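This briefing is intended for a reader meeting the structure for the first time.

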Amino acid sequence: MNPFTLKDYAGPEYFCNRKSETEKIVNAAQNQRNLTLSSIRKMGKTGLIHHVFHQLSEINEMDTVYFDIYHTESLSGFINKLGTSLLAEKESWPEKVKRMTKYFIRHIRPTITFDGLTGLPALSFNIENESSGIRTLEDIFGFLAERSNEKPMIVAIDEFQQIVNYPENNIEALLRVNIQKLQNVSFIFSGSDKQLLASMFTDAKKPFYQSTEWMYLEEIPQDDYSIFIKEKFTSGFILIDDEAVKEILRQTHSHTYYVQFLCNKLYGSDIKEITVETVKQTLSDILEENDVYYSEYRNLLTKQQWNLLLALAREEGISQVTSSSFIHKHNLSNAATIRRGIKSLMDKNMIYKKGIKYYVYDVFFAKWLKRL
Ligand SMILES: Nc1ncnc2c1ncn2[C@@H]1O[C@H](COP(=O)(O)OP(=O)(O)OP(=O)(O)O)[C@@H](O)[C@H]1O
Ligand SMILES: [Mg+2]
């Protein structure tokens, strides 16, 4: 197996560091504190949650529930995901059904469906209107309360910011009230929209105000990632020199997914001795492979947005985007157009702001743009 995983969490041996973050989350869970986990995309939030759950399952003092609401569009989608994940535990179907009918649903009978592609079972609730949705949610939270009296629980809701897009307008308050009642359940709310999450948890007018501890995930420190990378290549009988490791982290800005991707490619090639040159060559191959895909972006953006994106890629992090030197250097139009462009590129998730500087989100795409 390639030790540089790009898919779901594959176990602690394939997971680099995150020791202090793991300890902090475990401590929050053991003390019934809720926690909000945020970072830019692909930094490792979901992986970290699974890593924490893995550690917790080793000590076996808590049950863990994870669900991702990215593809949900309403309260009923939320309920279906939560219900399904609650039953996705390691017990037989007859037991599940027994438990479900015992506590679970007092108002609405769920149906069990099987995913056409994966064959995995899922629960679906036939929710006809908002009030039946609210009652079902309350039933499920009642079930959580009973379960957690037997054994404490930790529930992670990934892509949590999605709830602000639900058409029902009282969702935040509804969830807050229900969550607040659970003494033995702690929650992790995770998502990449920092601004949105921050506004949900730090705005005094919002229901979730100050109800959680905040954790912002940064890059894995270079020294730790270097040791991990070196160790994995060496275990696979591939030589890699220190400069090459540095080059990998430099080129990818230590952004987790991109580090993993570049290492995965290098590991999967026939090369048995990795140098700075091989790293550069492999990176170049990756950009070429993505050529068609990246070129398509040009059609999705206006000429001004495209030029602005190009300028931001060339700068590799810049704050003064409306300064005349930036405008002249990159032949851009004017400050007002740039401000609009920045907003639009942010909305499209093509750039992000870190501190006071703007960056192109996709590390490889930024490199590709720089070469134009
Ligand atoms: N500490 C780590 N060590 C090794 N690989 C990791 C680590 N953290 C995450 N990864 C890998 O990096 C990739 C991106 O991580 P993950 O999906 O957890 O990021 P994310 O922040 O949840 O992204 P998104 O915002 O897109 O949901 C995944 O392939 C994951 O397996
Ligand atoms: Mg994720």
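The model described here is predicted.

**Strand pairing**
- Strands β5 and β6 are joined by six bridges and pair in the parallel sense.
- Strand β2, residues 63-68, also runs parallel to β5, with six bridges between them.
- Within that pairing, Tyr 66 has Ala 156 of β5 as its bridge partner.

**Burial of β5**
- Strand β5 spans residues 153-158, and six of its six residues are buried.
- One side of the strand presents Met 153, Val 155 and Ile 157, while the other presents Ile 154, Ala 156 and Asp 158; both faces are covered.
- In a regular strand, side chains alternate between the two faces of the sheet.

- Helix α6 covers residues 171-181, and its buried residues are Ile 171, Leu 174, Leu 175 and Ile 179.
- These residues lie on the same side of α6 because they cover an arc of only 120° around the axis.
- An α-helix has 3.6 residues a turn, so residues three or four places apart point the same way.
- The face turned away from the buried side of α6 carries the exposed residues Ala 173, Gln 180 and Lys 181.
- Among the elements covering the buried residues of α6 are α3 (75-86), α5 (130-150) and β6 (185-191).

Note on methods
Residues numbered from 1 in each chain as written. Chains lettered and ligands numbered in written order. Predicted model: local features only at pLDDT ≥ 70, side-chain atom pairs only at ≥ 80, totals over all residues. Buried ≥ 20, exposed ≤ 12 C-beta atoms within 10 Å, placed from the backbone. Helix = DSSP H or I, 4+ residues; strand = E, 2+ residues; numbered from the N terminus. Arc of directions from axis to C-beta. Contact = placed C-beta atoms within 7 Å. Pairing = 2+ DSSP bridges.
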